[in-house]
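Subject: Structure handover

Hello,

Please find the structure below, with the sequence. My notes on what was found in it follow.

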Amino acid sequence: MAKKSDLMPGTLDMLILKTLTRAPQHGYGIALSIKRLSQDVLTVKEGSLYPALQRLLLQGWVKAEWRKTETNRRARYYTLTAAGRKQLRAELSQFDQ
């Protein structure tokens, strides 16, 4: 991600959850979506993204399954859960304040 000091704690989790509201995606797709939506301001690096995805899995806010990508590669696709939607609403509300 850009400099850690530039973002409030938990912002990456919120960005990932928000990205997954559109459709299930693999990690690289999530990173591209965040970069695209932020107009290239935010770049999520693998060293930040995958630990965050693992944390979200453990919290039960996302689930994952192995699928084939458009290029016929095997990738783990992440989907937002009901608990993840609830968490996202709470984080967005807190962020707005």
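A definition is needed before the helix packing: axes here are lines fitted to C-alpha atoms, for helices over the stretch in contact, and angles between N-to-C directions run from 0 to 180 degrees. Note also that the model is predicted.

On that basis, the axes of H1 and H2 lie 10 Å apart, and the two helices pack at an angle of about 100 degrees. Angles of 65 to 115 degrees count as roughly perpendicular, which makes H1 roughly perpendicular to H2. From H1 the contact uses Leu15, Ile16 and Thr19, and from H2 it uses Ile30, Ser33 and Ile34. By class, this contact has four nonpolar and two polar residues, with no charged ones.

Overall layout

The protein has four helices and three strands, and along the sequence they follow the pattern α-β-α-α-β-β-α. Of the 97 residues, 38% are buried. Among contacts with a separation of 6 or more, 50% are between residues 24 or more positions apart.

Helix H2

H2 covers residues 27-37, and its buried residues are Gly27, Gly29, Ile30, Ala31, Ser33 and Ile34. An α-helix has 3.6 residues a turn, so residues three or four places apart point the same way. After H2 comes Gln39, which has a positive phi, near 55 degrees.

Second largest pocket

The second largest pocket holds about 170 Å³ of space. Its lining consists of Thr11, Met14, Leu15, Lys18, Thr19, Ile34, Leu37, Ser38, Leu42, Leu92 and Phe95. H1, H2 and helix H4 (82-96) are the elements that give two or more residues to this lining; H1 gives the most, with five. By class, the lining residues are seven nonpolar, three polar and one charged.

Thr69

Leaving aside residues up to four places away in sequence, Thr69 touches His26, Ala75 and Tyr77.

Regards

Note on methods: Residues numbered from 1 in each chain as written. Predicted model: local features only at pLDDT ≥ 70, side-chain atom pairs only at ≥ 80, totals over all residues. Heavy atoms only, no water. Contact = heavy atoms within 4.5 Å. Buried < 20%, exposed > 50% of the residue type's maximum accessible area, 1.4 Å probe, protein only. Parallel < 35°, antiparallel > 145°, perpendicular 65-115°, else oblique. Nonpolar A, V, L, I, M, F, W, Y, C, P; charged D, E, K, R; others polar. 1 Å grid on protein atoms, 1.4 Å probe; cavity = no way out; pocket = protein on both sides within 12 Å on 5 of 7 lines; lining within 4 Å. Points joined across faces, edges and corners; volume = space filled by probe spheres on them.
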